[in-house]
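Trainee: I would like to learn how to read a protein model feature by feature. Could you take me through one?

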Amino acid sequence: MIFSQIASQNLPIPIRNTYVCRMIRSSNTVWHSATVTRAHREQLNVHRSVVLWFTGFSGSGKSTLAHAVEDRLYRLNCRTFVLDGDNVRQGLCSDLGFSMQDRSENIRRISEAAKLLVESGVIAMTAFISPFRADRQRARSIFPHGDFIEIFCNASLDVCEQRDIKGLYKRARAGEVKEFTGISSPYEAPLSSELTIRTGELPLEDCVAQVIDYLQQRNIFNGMSGGGQATIHK
């Protein structure tokens, strides 16, 4: 994969002077198949690995819910990891802004990172606005069928703006934050997510319970011993 900064009169104005990803794969590399496979890791972990993709407006409760679900899964002895939008932009995606192109590249990188976590046998969770359906669909497309679980944190823009935990809506309304989702940039709600959770109305405990119940229904893990160990049936 090669990244280059392009500033050309031949490009449309919206993508000039931005980092453009050119999908160029080296002809000198070959995928190396591991001896220890995902199935081996899942057997060791005693649960299946999947990605839980939390999406919604800023302030809809994505990170709060993802970390609360992780806490619950941790107490069930599940191996987990949360990829949080703000945290990832401190490192892996620190070179990206919030243009449509940069947002798409942000989601591409996160989906690839989540795929590696799933291959490692981990229940991966991503908490990103991920506002565009096409980007979420591309993320879904790199996972085997059933491994990508989209969770729509359904809180209205009014509720999120009232919460305004980070003060970003106020700044966006004042024109201080450009291309802010819901104010000056669109959010395309999922049309057929695996789960839709009314995070704008329900208590956090109820939201967590919905996610855990869904995972149990999907046989990600089945049953628990007195020690809290999740077990699955092969």
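Predicted model: local features only at pLDDT ≥ 70, side-chain atom pairs only at ≥ 80, totals over all residues.

Trainee: How many helices and strands does the protein chain have?

Mentor: Helices (H or I, at least four residues) and strands (E, at least two) are DSSP runs, numbered from the N terminus. Here the protein chain has eight helices and nine strands.

Trainee: What percentage of the residues count as buried?

Mentor: Buried means under 20% relative accessible area, exposed over 50%, and partly exposed in between, with a 1.4 Å probe and protein chains only. By that rule, 42% of the 234 residues of the protein chain are buried. For contacts (heavy atoms within 4.5 Å), take the pairs at least 6 apart in sequence: 69% of these join residues at least 24 apart.

Trainee: How do I read a pocket?

Mentor: Rolling a probe the size of a water molecule over the atoms shows where empty space is left. On a 1 Å grid over the protein atoms alone, a pocket is an open set of points where a 1.4 Å probe fits, with protein on both sides within 12 Å along at least five of seven lines; lining residues have an atom within 4 Å of a point. Grid points are joined across faces, edges and corners, and the volume is the space filled by probe spheres set on the points. The largest pocket here holds about 870 Å³. It is lined by 39 residues, of which Ser58, Lys62, Asp86, Ile129 and Lys166 are the closest to its centre.

Trainee: Which element gives the most to that lining?

Mentor: That is α2, with four residues. Elements giving two or more residues include α2 (62–75), α4 (100–119) and α8 (204–217). The lining divides into 17 nonpolar, eleven polar and eleven charged residues; Ala, Val, Leu, Ile, Met, Phe, Trp, Tyr, Cys and Pro count as nonpolar, Asp, Glu, Lys and Arg as charged, and the others, Gly among them, as polar.

Trainee: Now a strand: is β5 mostly covered or uncovered?

Mentor: Mostly covered, as five of the five residues in β5 (123–127) are buried. One side carries Ile123, Met125 and Ala127, the other Ala124 and Thr126, and all are buried.

Trainee: Which strands run parallel to β5?

Mentor: Two strands pair if DSSP finds at least two bridges between them. Strand β3 (residues 51–55) runs parallel to β5, joined by four bridges, and Val51 stands opposite Ala124. Strand β4 (residues 80–84) is also parallel to β5, with five bridges, and Asp84 stands opposite Ala127.

Trainee: What should I look for in backbone angles?

Mentor: Most residues other than glycine have a negative phi. Ser130, in the loop between β5 and α5 (133–141), has a positive phi near 35°. Ser130 is buried, at 3% relative accessibility. Asp164, in the loop between α6 and α7, also has a positive phi, of about 35°, and is buried with a relative accessible area of 18%.

Trainee: Where is Val36 placed?

Mentor: Val36 sits in the loop between β2 (18–22) and α1 (38–45) and is partly exposed, at 47% relative accessible area. Val36 and Ser120 are 84 residues apart in sequence, with 9.6 Å between their C-alpha atoms.

Methods:
Residues numbered from 1 in each chain as written. Heavy atoms only, no water.
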